[in-house]
Amino acid sequence: MGAPKLEGHPLFEKKTIEAFIKGIQDTLGTMASTTVKNGRPHIENHFEMKGDVAAIVGLVAPPLKGNFIISFTKQAMLQIYKNMLGEEPGEINSEVKDAIGEIANMVYGSSKTLLNQDGYNFQMALPTVVLGEYFPAKDHQGVTLVIPFSFENDQQLFVQITVNT
Amino acid sequence: MFPKETKFLVIDDFATMRKIIKKVLSELGYTNVTEADDGATGWPLIQQAHASNEPFQFVISDWNMPQMQGIDLLKHCRADARFKALPFMLVTAESEQKQILEAAKAGVSNYVVKPFNSVTLKQKLEQVYAKVSTSTAKAA
């Protein structure tokens, strides 16, 4: 298999990656008092959901289209929920899923603001939350930008960007 | 600052954000808080509360919601003589100039950009209180 064809795609540019990293770090730093470190962003040939629970936001920045996916391992999300609200639900219930949606909303909103100041035209969209497997539409299953993050005790979360091919 | 018995309406489609705002308000001593999950639910609550002589004295609303958006609820309020001066703060993940201008034009009392912490929300409430106090003094 050769190198991913979309490596130079605008949604995979350095400033896009930096905006999403800043969005994650600002959101979780401010709302959950959690310092999150990013790992090395990389491109994978096929989409595969990394975490156990995720929120998906449709990216629309005409003419660009894609998906912004933020996913957490179960323990990471429960820890973030505790850090945000001081509550320990013990499982991924409807309240925790709601929190993931709101986190995605804030991360996307703040990243979008930065990117639009840089000349993009990202539009606001409402997130959808999924638990377990997620299979995006066929035209979003290909090349995926993956940005891993970690925080206290190696808890993990991921940002994935797919583009409409 | 607003008296502790001030009646708040907090509107957001995410229960998490309503919970966070309620928690901050509670830390500031405000416990008279009603919740709604979007503008379409919030608007009748605002009217009903007014009709029953127990009007809301402060609305904190998200911008980006299904059904009726926060900015549209604000416009409904400002188009109605009963709610022209109702303190109304928008909470939003968007901080672009055009949105801020649209909110200002629609008569928003203040604007909080998510993510925010309790210190920021408190400062925004204080700013609204200062505006309300100034306009009340001018009217007197």
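Contact here means heavy atoms within 4.5 Å. By that criterion, helix α1(B) lies across β1, β2, β3 (58-62) and β4 of chain B. This is a predicted model: local features need pLDDT of at least 70, side-chain atom pairs count only at pLDDT 80 or more, and totals for chains, interfaces and linings use all residues. Residues are numbered from 1 along each chain as its sequence is written, chains are lettered from A, and side-chain values use heavy atoms, with hydrogens and water left out.

**Sheet**
- Chain B has an open sheet of five strands, ordered β2-β1-β3-β4-β5, with parallel pairing.
- Its edge strands are β2 and β5 (110-113), each pairing on one side only.
- From one strand to the next, the twist averages 20°.
- Strands (E, at least two residues) are DSSP runs, and two of them pair if DSSP finds at least two bridges between them.
- Four bridges join β1 (residues 8-11) to β2 (residues 33-36) in chain B; B:Leu9 partners B:Thr34.
- β4 (residues 88-92) and β5 of chain B are parallel over four bridges; B:Leu90 stands opposite B:Tyr111.

**Helix α1(B)**
- Helices are DSSP runs too (H or I, at least four residues).
- Buried residues (under 20% relative accessible area, 1.4 Å probe, protein chains only) of α1(B) include B:Arg18, B:Ile20 and B:Leu25.
- Just after α1(B), B:Gly29 takes a positive phi of about 95°.

Definitions and conventions:
Buried < 20%, exposed > 50% of the residue type's maximum accessible area, 1.4 Å probe, protein only. Axes fitted to C-alpha atoms, helices over the stretch in contact; angles between N-to-C directions.
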